[in-house]
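Hi everyone, thanks for coming.

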Amino acid sequence: MHLARFPRVSLGHFPTPLEPLNNLSKLLGGPQIWIKRDDATGLASGGNKTRKLEFLLADALEKNADVIITQGATQSNHVRQTIAGAARLGLKAKALLEKRVSDFGDDYQHNGNVLLDTLLGGEIVAHLPGGTDMQQAMETYADTLREQGHRPYVIPGGGSNPIGALGYVACAEELLYQSSQHRLRIDHVVHATGSTGTQAGLVAGFTATNSRVPVLGISVRAPKVKQEDNVWNLASKTLALLGVSGELPRDAVVANSDYVGDGYGLPTAGTLEALTLLARHEGILLDPVYSAKGMAGLIDLIRQGHFRKDENVVFIHTGGSAGLFGYRQVLEHV
């Protein structure tokens, strides 16, 4: 595996810290919890998409694109980071937003990531109803831009395709190096999984390095079977892109969808507890859509005895704290 042969631009602050959560670990009385701080990637308040964008935007430049198109939910962390990355590289950025969740008030529509999207110079070209085929909507808009003489580059939601997933292949390599420096045996990696690129990249990276580190994705949206199928398909395509032969075992991909609650972007009681526990015991801000829902799953699984007390669990913080400001209506009573 030789990632240097793929085009890549520098957008993030890497390696991100790998830190023990001693207070939370003691509070829960379970395994030792570590946190991989991908909220600290540095691009417009950071987040996991920065890793993917280093490869995606490099590919866009290779293809001589002059405008980037992407999509996400109203409070999309991916959209914010894509616009910021495009700004760094002198590219225009256009975004289509999908109304996936209930209206949490004016802050949800205009604050948080939405405010930053505009500040960073992005153009929100459409607010589309929930359930829209967003990929097709982007392709249709790209055709319009081509007719106007532009060279658009379309990035899927979450940056989740084989090129984007290379960002988390790189993260797997980085994590293995850090674990060696810390003399840390990693028994489990846990994170929130949505558009699948993060989990697929991690699975591909750990598979390609034969490190046998199990990855558990806590789903924020899809049912277990659908999420696992989507992750397996993308991880398999990523391994093929890397030139790794052999079929990926199905049991290499594990997702848990017990913590989705009422749906994407809708915080559960566990989500809110995870937010407050990390804030008040570790001084770390999670986000209400991804990282807090993933942490809620991890906390509950620890309480159920899913992990042994002598194990080390690494939680990957995928960022997104900017979205907290869009959820004031929910959080002001926590």
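How do the residues of the lining of the largest cavity divide into nonpolar, polar and charged? They divide into two nonpolar, 11 polar and two charged. In that scheme Ala, Val, Leu, Ile, Met, Phe, Trp, Tyr, Cys and Pro are nonpolar, Asp, Glu, Lys and Arg are charged, and the others, Gly among them, are polar.

A word on the basis: this is a predicted model, where local features need pLDDT of at least 70, side-chain atom pairs count only at pLDDT 80 or more, and totals for chains, interfaces and linings use all residues. Residues are numbered from 1 along each chain as its sequence is written, and side-chain values use heavy atoms, leaving out hydrogens and water.

By a cavity I mean a set of points, on a 1 Å grid over the protein atoms alone, where a 1.4 Å probe fits but cannot get out; lining residues have an atom within 4 Å of a point. Volume is the space filled by probe spheres set on the points, with grid points joined across faces, edges and corners.

Back to our largest cavity: its volume is about 100 Å³. Among its 15 lining residues, N48, K49, A192, Y290 and T318 lie nearest the centre. Domain 1 (16–45 + 160–330) and domain 2 (47–152) both contribute to the lining, so this cavity lies between them; those bounds come from an automatic or database domain assignment.

The second largest cavity holds about 40 Å³. Residues lining this one include Q75, N113, D287 and Y290. Both domains give residues here too, so the second largest cavity also lies between them.

Key: 1 Å grid on protein atoms, 1.4 Å probe; cavity = no way out; pocket = protein on both sides within 12 Å on 5 of 7 lines; lining within 4 Å.
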